[in-house]
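Let's take a walk through a protein together, one region at a time. Have a look at the sequence and the 3D view below, and keep them beside you as you read.

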Amino acid sequence: MALIFDIKRFAINDGPGIRTTLFMKGCPLHCIWCHNPEGIPATPVKLYTKKKCIGCKSCVDVCPQKNLSLTADGIQDLGNCTSCGKCADECPTLAMQIAGKEYQLSELMDIVEKERQVMEESNGGVTICGGEPFMHTDYLCELLDELGARNIHRTVDTTLFTSAENAQKVAGKCDLFLVDLKHMNSDKHHEYTGVRNEQILSNIQLISEMKHPFWIRIPLISGINTDEENLKASADFLASLPTPPEVVNLLVYHDIGKGKHDRLGTTYNPEDIPMSPPSEGEQQHALEIFISRGLNTKIGG
Ligand code: SF4
Ligand code: SF4
(Lines give C-alpha, C1' and ligand atoms only; values in the text may rest on other atoms or scores of the structure.)
(Ligands and ions follow the chains in the order given, each with its own letter.)
Protein backbone atom coordinates (compact mmCIF):
# COMPACT_ATOMS: atom_id res chain seq x y z
CA MET A 1 0.00 0.00 0.00
CA ALA A 2 1.18 3.54 -0.71
CA LEU A 3 -0.05 6.66 0.99
CA ILE A 4 -0.87 9.09 -1.83
CA PHE A 5 -2.02 12.64 -1.17
CA ASP A 6 -2.85 13.72 -4.70
CA ILE A 7 -3.16 12.34 -8.21
CA LYS A 8 -2.81 14.86 -11.01
CA ARG A 9 -4.09 13.84 -14.45
CA PHE A 10 -3.00 15.52 -17.69
CA ALA A 11 0.06 17.08 -16.02
CA ILE A 12 2.21 19.00 -18.51
CA ASN A 13 5.00 20.27 -16.24
CA ASP A 14 6.18 17.05 -14.62
CA GLY A 15 8.44 15.66 -17.34
CA PRO A 16 8.02 14.95 -21.06
CA GLY A 17 4.58 14.81 -22.66
CA ILE A 18 1.29 14.55 -20.84
CA ARG A 19 1.58 12.65 -17.58
CA THR A 20 -0.24 11.23 -14.61
CA THR A 21 1.53 12.41 -11.45
CA LEU A 22 1.30 10.48 -8.20
CA PHE A 23 2.16 12.38 -5.02
CA MET A 24 3.57 10.13 -2.28
CA LYS A 25 3.35 11.28 1.32
CA GLY A 26 6.31 12.01 3.56
CA CYS A 27 9.38 14.21 3.05
CA PRO A 28 12.61 14.52 5.06
CA LEU A 29 12.98 18.15 3.96
CA HIS A 30 10.96 21.07 5.31
CA CYS A 31 11.50 23.79 2.72
CA ILE A 32 10.11 27.05 4.05
CA TRP A 33 8.52 27.79 0.66
CA CYS A 34 7.04 24.28 0.17
CA HIS A 35 4.12 24.29 -2.28
CA ASN A 36 2.72 21.04 -0.90
CA PRO A 37 3.12 21.14 2.88
CA GLU A 38 0.32 18.59 3.23
CA GLY A 39 2.80 16.12 1.69
CA ILE A 40 5.50 16.58 4.35
CA PRO A 41 4.10 14.38 7.17
CA ALA A 42 4.19 10.67 6.34
CA THR A 43 0.69 10.25 7.78
CA PRO A 44 -2.68 11.66 6.60
CA VAL A 45 -3.42 15.26 7.60
CA LYS A 46 -6.59 17.36 7.74
CA LEU A 47 -7.09 20.49 5.66
CA TYR A 48 -9.84 22.85 6.81
CA THR A 49 -11.12 25.68 4.61
CA LYS A 50 -13.06 28.09 6.79
CA LYS A 51 -14.75 29.95 3.94
CA LYS A 52 -16.35 26.71 2.72
CA CYS A 53 -17.62 25.76 6.18
CA ILE A 54 -21.39 26.16 6.75
CA GLY A 55 -21.18 25.30 10.45
CA CYS A 56 -23.35 22.18 10.20
CA LYS A 57 -21.31 20.40 12.90
CA SER A 58 -21.44 17.06 11.07
CA CYS A 59 -17.67 16.73 11.53
CA VAL A 60 -17.91 17.53 15.25
CA ASP A 61 -20.62 14.95 15.82
CA VAL A 62 -18.97 12.13 13.88
CA CYS A 63 -15.48 12.45 15.36
CA PRO A 64 -14.82 9.40 17.57
CA GLN A 65 -12.07 11.30 19.43
CA LYS A 66 -14.29 14.32 20.27
CA ASN A 67 -11.43 16.26 18.71
CA LEU A 68 -13.37 19.02 16.98
CA SER A 69 -15.31 21.95 18.27
CA LEU A 70 -17.30 24.62 16.43
CA THR A 71 -16.39 28.12 17.58
CA ALA A 72 -17.05 31.63 16.31
CA ASP A 73 -13.78 31.26 14.43
CA GLY A 74 -14.82 28.03 12.70
CA ILE A 75 -13.81 24.47 13.50
CA GLN A 76 -11.04 24.11 16.06
CA ASP A 77 -8.81 21.04 16.45
CA LEU A 78 -8.26 20.01 20.07
CA GLY A 79 -5.10 18.04 19.35
CA ASN A 80 -6.37 14.44 19.59
CA CYS A 81 -6.78 13.63 15.90
CA THR A 82 -6.01 10.09 14.75
CA SER A 83 -6.46 10.99 11.06
CA CYS A 84 -9.30 8.49 10.65
CA GLY A 85 -10.91 10.72 8.00
CA LYS A 86 -14.50 10.38 9.24
CA CYS A 87 -14.96 14.16 9.53
CA ALA A 88 -13.95 14.63 5.90
CA ASP A 89 -16.28 11.84 4.77
CA GLU A 90 -19.21 13.58 6.49
CA CYS A 91 -18.46 17.15 5.46
CA PRO A 92 -21.04 18.19 2.82
CA THR A 93 -19.02 21.11 1.42
CA LEU A 94 -15.46 19.74 1.28
CA ALA A 95 -14.49 22.31 3.91
CA MET A 96 -12.83 19.43 5.74
CA GLN A 97 -10.54 17.22 3.67
CA ILE A 98 -7.94 14.57 4.37
CA ALA A 99 -4.67 14.51 2.41
CA GLY A 100 -3.34 10.97 2.34
CA LYS A 101 -5.11 7.84 1.19
CA GLU A 102 -3.83 4.29 0.93
CA TYR A 103 -3.93 2.73 -2.52
CA GLN A 104 -3.26 -0.83 -3.59
CA LEU A 105 -0.86 -1.07 -6.50
CA SER A 106 -3.70 -2.44 -8.64
CA GLU A 107 -5.87 0.61 -7.82
CA LEU A 108 -3.13 2.97 -8.94
CA MET A 109 -2.63 0.98 -12.13
CA ASP A 110 -6.36 1.21 -12.90
CA ILE A 111 -6.12 5.00 -12.61
CA VAL A 112 -2.96 5.20 -14.70
CA GLU A 113 -4.28 2.88 -17.44
CA LYS A 114 -7.25 5.21 -18.04
CA GLU A 115 -4.75 7.75 -19.39
CA ARG A 116 -2.74 5.31 -21.53
CA GLN A 117 -3.87 6.67 -24.88
CA VAL A 118 -3.10 10.31 -24.08
CA MET A 119 0.23 9.32 -22.51
CA GLU A 120 1.24 7.33 -25.58
CA GLU A 121 0.13 9.97 -28.08
CA SER A 122 2.08 12.70 -26.23
CA ASN A 123 5.17 10.59 -25.38
CA GLY A 124 4.26 11.13 -21.75
CA GLY A 125 3.94 8.69 -18.90
CA VAL A 126 3.79 8.60 -15.13
CA THR A 127 5.67 10.86 -12.72
CA ILE A 128 6.08 9.87 -9.10
CA CYS A 129 6.74 12.78 -6.78
CA GLY A 130 5.94 13.83 -3.24
CA GLY A 131 6.71 14.58 -0.61
CA GLU A 132 9.81 12.58 -1.35
CA PRO A 133 9.38 9.23 -3.14
CA PHE A 134 12.62 7.92 -1.59
CA MET A 135 10.89 7.94 1.80
CA HIS A 136 9.30 4.70 0.54
CA THR A 137 12.00 3.21 -1.66
CA ASP A 138 10.71 -0.37 -1.55
CA TYR A 139 7.23 0.66 -2.59
CA LEU A 140 8.67 3.06 -5.17
CA CYS A 141 10.63 0.18 -6.73
CA GLU A 142 7.55 -2.02 -6.82
CA LEU A 143 5.58 0.75 -8.49
CA LEU A 144 8.32 1.41 -11.04
CA ASP A 145 8.62 -2.31 -11.85
CA GLU A 146 4.90 -2.53 -12.48
CA LEU A 147 4.89 0.57 -14.71
CA GLY A 148 7.90 -0.79 -16.58
CA ALA A 149 6.15 -4.11 -17.16
CA ARG A 150 3.32 -2.10 -18.70
CA ASN A 151 5.76 -0.22 -20.93
CA ILE A 152 4.89 3.15 -19.40
CA HIS A 153 7.54 5.91 -19.24
CA ARG A 154 8.61 6.44 -15.62
CA THR A 155 9.84 9.69 -14.12
CA VAL A 156 10.83 10.16 -10.48
CA ASP A 157 10.67 13.74 -9.18
CA THR A 158 12.98 13.83 -6.17
CA THR A 159 15.37 15.78 -3.96
CA LEU A 160 17.81 12.80 -4.16
CA PHE A 161 18.20 13.16 -0.39
CA THR A 162 18.79 9.44 0.00
CA SER A 163 21.61 6.91 0.09
CA ALA A 164 23.76 6.31 -2.99
CA GLU A 165 22.58 2.70 -2.89
CA ASN A 166 18.92 3.77 -3.13
CA ALA A 167 19.67 6.29 -5.89
CA GLN A 168 21.42 3.58 -7.90
CA LYS A 169 18.65 1.06 -7.34
CA VAL A 170 15.90 3.45 -8.47
CA ALA A 171 18.00 4.69 -11.41
CA GLY A 172 17.87 1.13 -12.72
CA LYS A 173 14.08 1.22 -12.67
CA CYS A 174 13.14 4.67 -14.01
CA ASP A 175 13.64 6.46 -17.32
CA LEU A 176 14.17 9.99 -16.01
CA PHE A 177 14.88 11.83 -12.77
CA LEU A 178 13.66 15.35 -12.08
CA VAL A 179 16.01 16.57 -9.36
CA ASP A 180 15.61 19.67 -7.20
CA LEU A 181 18.66 21.86 -6.65
CA LYS A 182 17.75 24.39 -4.00
CA HIS A 183 21.01 25.93 -2.75
CA MET A 184 24.72 25.24 -3.26
CA ASN A 185 25.76 26.50 0.20
CA SER A 186 25.14 23.64 2.59
CA ASP A 187 24.63 25.86 5.65
CA LYS A 188 21.99 27.88 3.81
CA HIS A 189 20.47 24.68 2.42
CA HIS A 190 20.14 23.46 5.99
CA GLU A 191 18.67 26.77 7.14
CA TYR A 192 15.97 26.78 4.45
CA THR A 193 15.18 23.07 4.07
CA GLY A 194 16.24 21.43 7.33
CA VAL A 195 18.93 19.22 5.74
CA ARG A 196 22.43 19.72 4.36
CA ASN A 197 23.10 19.32 0.63
CA GLU A 198 26.24 17.12 0.43
CA GLN A 199 24.29 13.90 -0.07
CA ILE A 200 22.12 15.52 -2.74
CA LEU A 201 25.09 16.89 -4.72
CA SER A 202 26.87 13.57 -4.43
CA ASN A 203 23.84 11.70 -5.79
CA ILE A 204 23.51 14.17 -8.68
CA GLN A 205 27.17 13.44 -9.46
CA LEU A 206 26.43 9.72 -9.21
CA ILE A 207 23.49 9.63 -11.63
CA SER A 208 25.45 11.84 -14.00
CA GLU A 209 28.37 9.38 -13.91
CA MET A 210 25.86 6.59 -14.58
CA LYS A 211 24.72 8.57 -17.66
CA HIS A 212 21.18 8.28 -16.35
CA PRO A 213 18.90 10.92 -17.92
CA PHE A 214 17.98 13.72 -15.52
CA TRP A 215 16.55 17.22 -15.49
CA ILE A 216 17.41 19.76 -12.81
CA ARG A 217 14.74 21.99 -11.29
CA ILE A 218 15.76 25.12 -9.42
CA PRO A 219 13.15 27.16 -7.57
CA LEU A 220 14.08 30.81 -8.18
CA ILE A 221 13.34 32.67 -4.95
CA SER A 222 14.54 36.22 -4.34
CA GLY A 223 16.03 36.50 -0.88
CA ILE A 224 16.98 32.80 -0.89
CA ASN A 225 18.97 31.64 -3.90
CA THR A 226 19.00 34.22 -6.72
CA ASP A 227 22.21 35.95 -5.64
CA GLU A 228 25.05 35.94 -8.16
CA GLU A 229 27.25 33.68 -6.04
CA ASN A 230 24.68 30.92 -5.73
CA LEU A 231 23.52 31.08 -9.35
CA LYS A 232 27.09 30.84 -10.64
CA ALA A 233 27.95 28.04 -8.20
CA SER A 234 24.84 26.09 -9.30
CA ALA A 235 25.58 26.57 -12.99
CA ASP A 236 29.30 25.75 -12.57
CA PHE A 237 28.46 22.56 -10.67
CA LEU A 238 25.99 21.38 -13.31
CA ALA A 239 28.32 22.28 -16.18
CA SER A 240 31.16 20.34 -14.51
CA LEU A 241 29.24 17.07 -14.39
CA PRO A 242 30.45 14.26 -16.66
CA THR A 243 26.98 14.08 -18.24
CA PRO A 244 25.07 17.35 -17.90
CA PRO A 245 21.34 17.49 -17.18
CA GLU A 246 19.21 17.22 -20.32
CA VAL A 247 17.25 20.27 -19.16
CA VAL A 248 17.54 22.87 -16.39
CA ASN A 249 14.18 24.33 -15.37
CA LEU A 250 14.23 27.61 -13.47
CA LEU A 251 10.95 27.64 -11.58
CA VAL A 252 9.65 31.02 -10.49
CA TYR A 253 8.60 31.03 -6.84
CA HIS A 254 4.94 31.53 -5.87
CA ASP A 255 3.64 31.60 -2.32
CA ILE A 256 0.86 29.08 -3.03
CA GLY A 257 2.01 27.03 -0.03
CA LYS A 258 0.81 29.81 2.26
CA GLY A 259 -2.89 29.09 1.77
CA LYS A 260 -2.30 25.41 2.39
CA HIS A 261 -0.51 26.14 5.66
CA ASP A 262 -3.55 28.19 6.71
CA ARG A 263 -5.78 25.21 5.95
CA LEU A 264 -3.45 22.83 7.82
CA GLY A 265 -3.22 25.13 10.83
CA THR A 266 0.58 25.27 10.43
CA THR A 267 2.93 28.20 9.93
CA TYR A 268 4.35 29.21 6.55
CA ASN A 269 8.00 30.31 6.74
CA PRO A 270 8.20 30.22 10.57
CA GLU A 271 11.50 32.13 10.54
CA ASP A 272 9.83 34.99 8.62
CA ILE A 273 12.67 35.04 6.10
CA PRO A 274 11.95 37.59 3.33
CA MET A 275 11.11 35.69 0.12
CA SER A 276 9.62 36.98 -3.12
CA PRO A 277 9.26 36.03 -6.76
CA PRO A 278 12.23 37.15 -8.87
CA SER A 279 11.68 40.11 -11.20
CA GLU A 280 11.73 39.60 -14.98
CA GLY A 281 15.24 41.06 -14.95
CA GLU A 282 16.43 38.60 -12.29
CA GLN A 283 14.90 35.70 -14.21
CA GLN A 284 16.64 36.71 -17.44
CA HIS A 285 19.94 37.21 -15.63
CA ALA A 286 19.70 33.75 -14.06
CA LEU A 287 18.84 32.26 -17.46
CA GLU A 288 21.90 33.87 -19.06
CA ILE A 289 24.21 32.49 -16.36
CA PHE A 290 23.09 28.91 -17.02
CA ILE A 291 22.99 29.25 -20.82
CA SER A 292 26.48 30.77 -20.81
CA ARG A 293 27.73 27.46 -19.33
CA GLY A 294 26.19 25.52 -22.22
CA LEU A 295 23.27 24.22 -20.16
CA ASN A 296 19.91 23.70 -21.90
CA THR A 297 17.93 26.00 -19.60
CA LYS A 298 14.45 27.47 -19.63
CA ILE A 299 12.23 29.47 -17.32
CA GLY A 300 9.37 27.30 -16.11
CA GLY A 301 8.93 23.63 -16.24
S1 SF4 B 1 -9.75 12.72 11.19
FE2 SF4 B 1 -10.94 11.42 12.62
S3 SF4 B 1 -10.04 11.82 14.63
FE4 SF4 B 1 -9.33 13.46 13.28
S5 SF4 B 1 -10.78 15.11 13.60
FE6 SF4 B 1 -11.50 13.93 11.83
S7 SF4 B 1 -12.93 12.42 12.66
FE8 SF4 B 1 -11.75 13.23 14.39
S1 SF4 C 1 -18.87 19.16 8.37
FE2 SF4 C 1 -17.78 20.62 7.04
S3 SF4 C 1 -19.22 22.30 6.74
FE4 SF4 C 1 -19.97 21.13 8.52
S5 SF4 C 1 -19.05 22.17 10.30
FE6 SF4 C 1 -17.67 20.52 9.70
S7 SF4 C 1 -16.17 21.49 8.31
FE8 SF4 C 1 -17.92 22.87 8.49
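**Pockets, domains and a few details**

Start with the largest pocket: 33 residues line it, and those nearest its centre are His-35, Asn-36, Asp-157, Arg-217 and Leu-251. Before going on, note that this is a predicted model, in which local features need pLDDT of at least 70, side-chain atom pairs count only at pLDDT 80 or more, and totals for chains, interfaces and linings use all residues. Residues are numbered from 1 along each chain as its sequence is written, chains are lettered from A and ligands numbered from 1 in the order in which they are written, and side-chain values use heavy atoms, with hydrogens and water left out.

How do we find such a place? Rolling a probe the size of a water molecule over the atoms shows where empty space is left. Here a pocket is an open set of points on a 1 Å grid over the protein atoms alone, where a 1.4 Å probe fits, with protein on both sides within 12 Å along at least five of seven lines; lining residues have an atom within 4 Å of a point. The largest pocket has a volume of about 940 Å³, where volume is the space filled by probe spheres set on the points, and grid points are joined across faces, edges and corners.

Which strands each supply at least two residues of this lining? They are E9 (154–158), E11 (214–220) and E12 (247–252); strands (E, at least two residues) and helices (H or I, at least four) are DSSP runs numbered from the N terminus. The lining has 14 nonpolar, twelve polar and seven charged residues. In this scheme Ala, Val, Leu, Ile, Met, Phe, Trp, Tyr, Cys and Pro are nonpolar, Asp, Glu, Lys and Arg are charged, and the others, Gly among them, are polar.

Now move to the second largest pocket, with a volume of about 340 Å³. Its lining consists of 14 residues, and Tyr-48, Ile-75, Asp-262, Arg-263 and Gly-265 lie nearest its centre. Strand E3 (45–48), strand E5 (74–77) and helix H10 (257–264) give two or more residues each to that lining. Why does this pocket lie between domain 1 and domain 2? Because domain 1 (2–42 + 101–299) and domain 2 (45–99) both give residues to its lining; the domain bounds come from an automatic or database domain assignment.

How do the two domains meet? Their C-alpha centres lie 32 Å apart, and seven residues of domain 1 are in contact (heavy atoms within 4.5 Å) with seven of domain 2. Together the domains bury about 620 Å², 61% of it on carbon and sulfur atoms; buried area is the accessible area (1.4 Å probe) that two parts lose on being put together, summed over both. Glu-38, Arg-263 and Leu-264 supply 71% of the area that domain 1 buries against domain 2.

Finally, look for salt bridges (a side-chain nitrogen of Lys or Arg within 4 Å of a carboxyl oxygen of Asp or Glu). One to find is the pair Lys-173 and Asp-145 (3.1 Å, N to O).
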